[in-house]
Amino acid sequence: MLVLLAVGRVPLRYNLRNLTVRWKTTLMTGLAFVLVVSLLTVMLAFVNGMYRLTEASGQPGNVVILSDGATDEIFSNLSPVDVGDIENQPGILRDGNRPLASRETYLVVTQPIVNAIPGRPKRRFLQVRGIDDVTTAARVHGLALYPGGMWFSAAGVQALPHSEQDQAEAFPHPAIQIVLGEGIARELAQDRTPQQRAAARDPQRLDVGETFKLADRVWLVVGVMQSGGSTFDSEVWARRSVVGPLFGRESYSTVVVRTANAQAARHVKNYFTTQYRKAAVQALVETEYFASLSETNWEFLVTIIFITTVMSIGGVFGVMNTMFAAISQRIKDIGVLRLLGYSRRQVLICFLLESLAIALVGGVVGCLLGTLADGWTANSVVSSGAGGGKFVVLKLSVDALILTVGMLVSLSMGLLGGLAPALSAMRLRPLEALR
Amino acid sequence: MKLLFLIVKNVGRSPLRSTLTALGVMVLVLVVTLVWSALSFLDGLTREKTKNLKAIVTERWRIPSQMPYTYVPKLAEGAARYPGDVKPQDWMAWQFYGGTLDPTKQTRNNVLFAVAMDPSKVRTMMDELDQLAPGDSAELDEAIRRMQNQRNGMILGRQRLKAVEKHLGDRMTVHSLNYKGINLEFEIVGTFPAGRYDNSAVMNAAYLNEALDAYPRKSGGRAHPMAQRSLNLVWLRVPDMEAFSRVAGQIISSPYFANPAVKCETASSGIAAFLDAFRDILWGMRWLFSPAALVTLSLVIANAISISVRERRMELAVLKVLGFRPVQVMLLVLGEALLLGTTAGFASTSLAYLVANRWMGGVPLGMFGSLYIPADALWWGPAIGAAAALAGSIAPALAARNVKVAEVFSHVA
């Protein structure tokens, strides 16, 4: 716009006054821009949130080891013997005698929802990660607990809490100690009755000391992880030796090993891929593994681009209509401008600037409205597209790039919508226009 | 009649403006049609039926469900143990067999997942395959007959066939990803009719089970690790909700299905649980996206009509002088908007219907196969166009109704 202004030397005040004189039309056209751009901003913020989630979940120095051919953790099977050998390979950092390796069993289990909202599903899929050594796992994944919590004990179980003592007959086994990701803690809190919510320490999420029932066992929250912005935010962590047999899975799904840095991680990955022969495994640098879960993000992005393009085309037709009407009302003005010495190019720029001005204002307001979505949480799925995937709670994220895209789309709509009418104005002959 | 004639004539008087407005309406109605078609399709999947419904039996706790194949005979009978117990009308058991055609370079295109099942159940139990056109029906029946006679036969969806770059009659070896060490050779004996099963593949369950039985002979007597976990789900057809409740009760209370335990739910309930992960996206489509598209649509129409009214104030005043009543002037403006909106809406959905259903053979919708624009969209389109036109033209029409003859002519004077 600034370039057009500089090159064109056009009567800008004349254009702006025309916009204000026809304020109803200007407002309606501007509103169409606002809607398209704000919607685009929200949708892109959603995809951005998904990308940020998959990018933030991996540590560049970690290597994820799955069984060969497994397209996702859920399909991976590693025997205890193989796992013992894997974690003692060269390149893996050690803490004293122990390798910095987290042995994990990733499970997706079906949880019946108590107090399900009418019309909503009566079951949810819960992601449970069975872990052998939780302090090592937390160190490898770089996760900490919120104050007041603790990691589960070596036994992974404890006596039923006082609040559940009256149900000891129905639940004769000890309670399973768990730590929750913050996102799933919020999700599970929706199952609470109003009385439970009123009595809860944190009305938004399950907190230390609270329980839920699953697989005929009481699950007791002993800690909540500071896991926001990673896929672990949607997981329930428990001792593997407790939850593995409970759900009929004795094998491991994953070993995550810590190396010195990103370069060392690539070496370890290559070693497992090309030289390691004792077990059929595949290794991925953790950041690569989570990047591979971006297939769904890409699918969403393509859909958004398609929808926005189609909606923008609709908006372009609207702008064209407005601008053609503006020109037909001001044919005599154009004649006068030409007689005053304004060139055809200046008339073209003059009318283009009008549509661009509407687009600019509409775009700015649309972006501002879209920015309100920054920080909203939403449920989704990230997946590599080859089966499996993870249920995640993500935060919508509006950044400078999204706002730039929003403004560019808005200005492009203004340019495309204003070009044909401006060209028709440019072609008007002065005397004919005044006749 | 005279009013109708005037409406049509007025719409045709400014072809450029009318065309631009109509194009704007068409494009936005297209967006709303696509979104509503997707939502309507998903709603249909999760809507509980009361008659002729399907139940799914899966492992009670774990996903993916992996049960022993020995569960099949009992589940097929709905775990009926006592006289008076209800048996399902029909059933099918699914085992998932997946692998790659090129183990050295696994790509999305050369990965193939097939449902291993009894071929005789393809027509009776798989959705929509019992209501095929005669041509498609004969073709699929022939493919099923060949798969029954030839155990390594496979029926593939058209898009999947294209993706793996194979043709009817070709042979291929699938190097399994989920049944390690069981690599099977297949012959493609048929394709599914275009549509829902474009990305699907079906193989004969007997072929997979024979391979599992033969596995110990080649591996020192050790059974395959998946041997006792090869059954993924069982579908049961029941006549109504009451029969479903009884069959579900029989299965859940049966001591036969203890390790692993199983659950029985209606197909729509199972799909609803899966779709719950996408609930925020669906909410956004329903309550943010569709209204925004509708409001934009109304704005485009409102803009066009208000411009047209402003430009024709003189003409409207003349109409009043000629004896047109204010309400008739208002109807004239509303009629123009409605004509444009309805026609453009109908054109848009008709075009979408033809392109998506006939030309493209359905819009791909991930794991749900292909999305088709429902025939209902042929009335949605005009209705959306008309409603948006009405909403957008009320204010300009009222302005036209209130045009003051004296005021307009005083300006001219």
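Predicted model: local features only at pLDDT ≥ 70, side-chain atom pairs only at ≥ 80, totals over all residues.
**Stop 1**

Begin by colouring chain A and chain B separately. In this model, 58 residues of chain A are in contact with 49 residues of chain B. Between them the two chains bury about 4,600 Å², and 65% of that area is on carbon and sulfur atoms. Three salt bridges are counted between chain A and chain B, along with 12 residue pairs in polar contact.

Next, select the elements of chain A that supply at least two residues each to the side touching chain B: α3 (23-56), β4 (101-112), β5 (123-131), α11 (295-329) and β13 (377-382). Which of them gives the most to that side? It is α11(A), with 18 residues. Sorted by class, the side of chain A that touches chain B has 33 nonpolar, 17 polar and eight charged residues.

For an example of a salt bridge, display the side chains of Arg279(B) and Glu187(A), which meet at 3.0 Å, N to O.

**Stop 2: a strand pairing across the chains**

Select β4(A) together with strand β2 of chain B, residues 62-63. These strands run antiparallel and are joined by two bridges. Within this pairing, Val108(A) stands opposite Ile63(B).

The peptide bond from Ile63(B) to Pro64(B) is cis, with omega near -5°. Pro64(B) itself is placed in the loop between β2 and α3 (72-76) of chain B. For another cis bond, move to Asn259(B) and Pro260(B), where omega is near 5°. Pro260(B) lies in the loop between α8 (241-253) and β10 (262-266) of chain B.

**Stop 3**

Return to chain A and select β5(A). Is this strand largely enclosed or open? Eight of its nine residues are buried, so β5(A) is largely enclosed by the rest of the structure.

β4(A) runs antiparallel to β5(A), and nine bridges join the two; one pair to pick out is Pro112(A) with Arg123(A). Strand β10 of chain A, residues 235-239, runs parallel to β5(A) and is joined to it by five bridges. Here Gly130(A) has Ala238(A) as its bridge partner.

While chain A is in view, select Glu73(A), Glu104(A), Arg129(A), Glu235(A) and Lys390(A), which are linked in a network of salt bridges.

**Stop 4: Arg240 of chain A**

Select Arg240(A), which is placed in helix α8 (residues 240-246) of chain A. Its relative accessible area is 11%, under the 20% limit, and therefore Arg240(A) counts as buried. The side chain of Arg240(A) reaches the backbone oxygen of Glu250(A) at 3.1 Å. Beyond its neighbours within four places in sequence, Arg240(A) is in contact with several residues, including Thr105(A), Gly130(A), Ile131(A), Asp132(A) and Tyr252(A).

**Stop 5: loops and salt bridges of chain B**

Move to chain B and select Arg196(B), Asp127(B) and Glu128(B). Arg196(B) forms a salt bridge with Asp127(B), the closest N and O atoms being 3.2 Å apart. This pair links distant parts of the chain: Asp127(B) is in the loop between α4 and α5, and Arg196(B) is in the loop between β7 (184-191) and β8 (201-204), 69 residues apart. Arg196(B) also forms a salt bridge with Glu128(B), again with closest N and O atoms 3.2 Å apart. At 24% relative accessibility, Arg196(B) counts as partly exposed; Asp127(B), at 31%, is partly exposed, and Glu128(B) is partly exposed at 45%.

Examine the backbone of Glu128(B): phi is positive, about 70°, although the residue is not a glycine. Glu165(B) is another non-glycine residue with a positive phi, near 55°. Glu165(B) is placed in the loop between α6 (158-163) and β6 (171-176) of chain B. At 67% relative accessibility, Glu165(B) counts as exposed.

Finish with Arg171(B) and Glu185(B), whose salt bridge has its closest N and O atoms 2.7 Å apart. Arg171(B) lies in strand β6 and Glu185(B) in strand β7 of chain B, so the pair ties together parts that are 14 residues apart in sequence. Arg171(B) is partly exposed at 46%, and Glu185(B) is partly exposed at 37%. Over all chains, the count comes to 41 salt bridges.

Terms used
Residues numbered from 1 in each chain as written. Chains lettered and ligands numbered in written order. Heavy atoms only, no water. Contact = heavy atoms within 4.5 Å. Buried area = accessible area lost by both parts, 1.4 Å probe. Salt bridge = Lys/Arg side-chain N within 4 Å of Asp/Glu carboxyl O. Polar contact = N/O pair within 3.5 Å; in protein donor to acceptor, adjacent residues only side chain to side chain. Helix = DSSP H or I, 4+ residues; strand = E, 2+ residues; numbered from the N terminus. Nonpolar A, V, L, I, M, F, W, Y, C, P; charged D, E, K, R; others polar. Pairing = 2+ DSSP bridges. Buried < 20%, exposed > 50% of the residue type's maximum accessible area, 1.4 Å probe, protein only.
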